[in-house]
Amino acid sequence: MAGVQDKIAIVTGGADGMGAATSRLFAERGASVIITDVKEDAGKALAAELGGQAVFKKLNVASEAEWIDVVAFAMEKFGRIDALVNNAGIIHFCDIENMAEADFDRVLAVNVKGPFLGMKHVGKVMKKAGKGAIVNISSIDGYRGPNALGAYVASKWAIRGLTKTAAAEYGPYGVRVNSVHPGGVNTQMGNPMNKGANTVDEDYTLVPLQRVGAPREIGEASVFLCGDEASYITGAELLVDGGWKSAMYHPGMPGYPPAR
């Protein structure tokens, strides 16, 4: 099972949360990872922790100039790019009526424009090489429309569609593009109150697995899709949500179990 051994990967938003977990997994599985983020201190610390398997490069994903610089850096240092995980993302809570235009634009700039620019510039390198894998992190909110999350939901639905188009355009050149759709994840974004593991699980009693997801569990999905074992998977949507979308328990209905 070759997996991602000896591959060169870029992870955006890789300094903490799901991005850090994904970066660690790439390194553990024998890949070299370029950790990118706007959080320089955290990114450099993680790269130092991972040793020779990792290097940090500052990147604002909404900047085309910085994407060009990151790709040039990767090619100069490693000579190729085998995998890209477009993980960087932000969230903004506000109803549509009261949302400022600047806040809406900021969410879409990071969550949609960022992956677009990554696919545009990394895709060129992969296309020329005739191989590569790109994973775009969407969300369970790319399937639904919870209130007060209009900008975030719009961005995550957009990633689903953008992934399909990219899969069609890059597929003939041996480049695969897939999306991963996490449910609740125990990160700063998913658990902003920093509740303890048992306490935050109480918020997920209606989800079949009845617990929040761990960042590493999302990273496992991304690393799998970037690996050789996923060589015939492209244009797919992989839900990593504890069964949230496909089935939910309802209190009072037959078969509803007690919360663990």
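Is threonine 36 buried or exposed? In this predicted model, threonine 36 is buried, with a relative accessible area of 0%. The residue belongs to strand E2. Leaving out residues up to four places away in sequence, threonine 36 touches Ile10, Val11, Thr12, Gly13, Gly14 and Ala15, and also Phe56, Lys57, Leu59 and Val70.

In soluble globular proteins, nonpolar side chains tend to be buried together.

Strand E5 deserves a paragraph of its own. Of its 6 residues, 6 are buried, and the strand is thus described as mostly covered. In a regular strand the side chains alternate between the two faces of the sheet. On one side of E5 lie Gly132, Ile134 and Asn136, on the other Ala133, Val135 and Ile137, and both faces are covered, with all of these residues buried. E5 pairs with E4 in the parallel sense over 4 bridges, and within this pairing leucine 84 has isoleucine 134 of E5 as its bridge partner. E5 also pairs with strand E6 (residues 175-182), again in the parallel sense, over 6 bridges. Here the bridge partner of alanine 133 is arginine 176 in E6.

E4, helix H4 (residues 101-129) and E5 make a right-handed β-α-β unit. From E5 the chain then crosses through helix H5 (residues 150-170) to E6, and this β-α-β crossover is right-handed. Alanine 129 is located in helix H4. With 49% relative accessibility, alanine 129 counts as partly exposed.

Turning to the aromatic residues, the count comes to 1 aromatic pair. Tyrosine 204 and tryptophan 244 form this pair in an edge-to-face arrangement, with 6.0 Å from centre to centre and 85° between the planes. The pair links distant parts of the chain, 40 residues apart: tyrosine 204 lies in the loop between helix H6 (197-201) and H7, and tryptophan 244 in the segment after strand E7 (237-240). Both partners fall under the 20% cut-off for buried residues: tyrosine 204 counts as buried at 10% relative accessibility, and tryptophan 244 is buried with a relative accessible area of 18%.

Charged side chains meet rings at two further places. The charged end of lysine 245 sits over the ring of tyrosine 143, 4.8 Å from its centre. Lysine 77 lies over the face of phenylalanine 78, at 5.6 Å from the ring centre.

Aspartate 6 has a positive phi of about 70° although it is not a glycine, and aspartate 6 is found in the segment before E1. Glutamine 210 likewise is not a glycine and has a positive phi of about 55°. Glutamine 210 is placed in the loop between H6 and H7 and is buried, with a relative accessible area of 8%.

Asparagine 191 lies in the loop between E6 and H6 and counts as buried at 6% relative accessibility. Not counting residues up to four places away in sequence, asparagine 191 touches Val185, Asn186 and Val200. From glutamate 49, asparagine 191 is 142 residues apart in sequence and 25 Å apart in space, C-alpha to C-alpha.

How values were computed
Residues numbered from 1 in each chain as written. Predicted model: local features only at pLDDT ≥ 70, side-chain atom pairs only at ≥ 80, totals over all residues. Heavy atoms only, no water. Buried < 20%, exposed > 50% of the residue type's maximum accessible area, 1.4 Å probe, protein only. Helix = DSSP H or I, 4+ residues; strand = E, 2+ residues; numbered from the N terminus. Pairing = 2+ DSSP bridges. Right-handed = clockwise from strand over helix to strand, strands pointing away. Contact = heavy atoms within 4.5 Å. Phe/Tyr/Trp six-rings, centres within 6.5 Å; stacked < 30°, edge-to-face > 60°. Lys NZ or Arg CZ within 6 Å of the ring centre and 35° of its normal.
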